[in-house]
Amino acid sequence: MVMKIAVIGSFLIAILHSILFYGQNLGLSVLLFSIAFGVFIIYILYKNNKIKNTKALKLIIPILLISATYLIFNNKFLGIFNIIILIILFSLMIVMLLFEKTNIQLIIKKILYLILGPIEFVEESFSSIIEQIKNLFKKKKSNKKSKMILKKIILGIVISIPLIVIVLMLLSSADQIFSDQLQELFKKIFNLNIFTVDSITNLIFRIIIIVFISIYLIALMYNIIEDNFCDNDINEIKIKKIDKIIGNTILIILNIIYLIFCYIQISVLFMNVSNIDSFNYANYARQGFFQLMAVSIINLIIILITSRKNNSKLDLTKILNIILALFTIIILISSFYRMYLYEQEYGYTFLRLIVYFALATEAILIIPTIMYILGIKINLPKIYFVVILVMYIIINYINIDNVIAKKNIDKYLEDNKNYEIDVQYLQTLSIDAIPQLERLLNINDENIKQNIEIYFQNQKNNLQDINICNFNINRIIAKNILNKY
């Protein structure tokens, strides 16, 4: 019975996927699909008594928050990357629902098996589909009459489909107004261009996608329900602690190097050295920025390896690790300040704002890391995961393209003599930046105004008609602005 529901549900999810995404820009569709898919997966696991850890259901919150970004924003990079994040979060939620206790090794292995494992069950998936079709038409003595009625209704629907298509095509040929209205109706609701030359090709592609997704989802259910997927064949990870003398030696050497480096950083970046001949803050800031960020990550790893967990006694290793953590904070501040100097000279970009968030995230992670060093009992991987996930969601919700455009335009309007705005780069941003770009139409520079006008016209021509599937708030705002020009 449960596999019957799984087969029918998989088919319906596949159809919903085709309706929401085929030929559409992403929008409200992602949120609707995430809700439907989440309900489907949770229901199947619940019916099979597979849910062992209800706390994992909390992951539905970040899943819905990230899905909802497609309803509001249009950043291209985040739009692509969020799909990967959603797949990971859904997979993580499923794995955590299935196990009472997990560790990193178990989670990674099970997620990979969850995604790739269904390949083994393609044959079973086909068999289930055929079996359910047979059962649909199978005659049973106890319910023979109702089965016969259902069979006749289905037969009537199947026969009527080609008749409906033929009749509608004839009526459309007879009345152009009817044809236009009918075509517009299908286009607005489902983006189905049924009465165009490419309709057969589109229909074939849709059917192929529906069949493929249905088979994969059914195989996924087999992978979880019928297989030994829930067997916990991984023991608790035993991390070999580094020898204390070796670890302390490494920490002492690193701390001496960082002491010298941090002294130079304070002298050069945080003191007044602008009077040095040929010294340029922006050029200096550009040098080695990413190397410093990599060093700070390496430091966190070294701290985690050399720290002695569950030991409240303050020893040399803990002191050296705390000093290393403090030096890491100074390095992060140096990296942040370097980026600030570089951004002040050359303006804001997507990468530069992402770097700010990465540095802020690392700085926040230092706090639980120090607690870990001191032997305070905390679930460090969980805290790291929550902090990184929260910061990532914040990045999604600051309307990053709008912020980039606003910051650059504000800087240009404040000092257009010393700062040259990069209009070409601003035009590579998503339509989220259009409300800010409109401000450039009110300046005195005719060249910039002309570039923005051409850009607006191109965006107006390229902007897809908005329907229930690709519905997006910023897309509507942009469309209303573009319609004025």
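Visitor: Which word describes Ile87: buried, partly exposed or exposed?
Guide: Ile87 lies in helix α4 of a predicted model, in which local features need pLDDT of at least 70 and side-chain atom pairs count at pLDDT 80 or more, while totals for chains, interfaces and linings use all residues. Residues are numbered from 1 along each chain as its sequence is written, and side-chain values use heavy atoms, with hydrogens and water left out. Buried means under 20% relative accessible area, exposed means over 50%, and partly exposed lies in between, with a 1.4 Å probe and protein chains only. Because its relative accessible area is 46%, Ile87 is partly exposed.

Visitor: What is the area of the nonpolar surface patch that includes Ile87?
Guide: Patches are made of residues with over 30% relative accessible area and no salt bridge, where like charges are joined within 9 Å and nonpolar side chains (Val, Leu, Ile, Met, Phe, Trp, Tyr) within 5 Å. Leu26, Ile83, Ile87, Ile115, Leu116, Ile119 and Tyr216 make this nonpolar patch, and the elements giving two or more residues to it are α4 and α5 (104–116). By the Shrake-Rupley method with a 1.4 Å probe, where for residues the cover counted is the protein chains shown, the area of the patch is about 590 Å².

Visitor: How many helices does the chain have?
Guide: Helices (H or I, at least four residues) and strands (E, at least two) are DSSP runs, numbered from the N terminus. With zero strands in the chain, the count of helices is 20.

Visitor: How many residues does the largest nonpolar core have?
Guide: A nonpolar core is a set of buried Ala, Val, Leu, Ile, Met, Phe, Trp, Tyr and Cys residues joined through side-chain atoms within 4.5 Å. In the largest one, the residues with the most contacts inside it are Met221, Ile421, Leu440 and Phe456, and the number of residues in that core is 96.

Visitor: Which residues is Leu463 in contact with, leaving aside its neighbours within four places in sequence?
Guide: Leu463 lies in the loop between α19 (446–462) and α20 (473–482), and with a relative accessible area of 17% it is buried. Its C-alpha atom is separated by 7.6 Å from that of Lys479, although the two residues are 16 apart along the chain. Where contact means heavy atoms within 4.5 Å, the partners of Leu463, leaving aside those neighbours, are Ile431, Arg475, Lys479 and Leu482.

Visitor: How many salt bridges does a search of the whole structure find?
Guide: A salt bridge is a side-chain nitrogen of Lys or Arg within 4 Å of a carboxyl oxygen of Asp or Glu. One of them joins Lys406 and Asp410, with the closest N and O atoms 2.9 Å apart, and both residues lie in helix α16, four residues apart, about one turn of the helix. Lys406, Asp410 and Arg439 are also linked in a network of salt bridges. For the whole structure, the number of salt bridges found is four.

Visitor: How many residues apart in sequence are the parts tied together by Lys484 and Glu438?
Guide: Lys484 forms a salt bridge with Glu438, the closest N and O atoms being 3.0 Å apart. Lys484 lies in the segment after α20 and Glu438 in the loop between α18 (434–437) and α19, so the pair ties together parts whose separation in sequence is 46 residues.

Visitor: What is the phi of Asn399 near, in degrees?
Guide: Most residues other than glycine have a negative phi. Asn399, in the loop between α15 (380–397) and α16 (400–414), counts as buried at 15% relative accessibility. Its phi is a positive value in a residue other than glycine, near 55 degrees.

Visitor: How many disulfides does the structure hold?
Guide: A disulfide is a pair of cysteine sulfur atoms within 2.5 Å. Cys262 counts as buried at 3% relative accessibility, and Cys469 counts as buried at 1%. The number of disulfides in the structure is zero.
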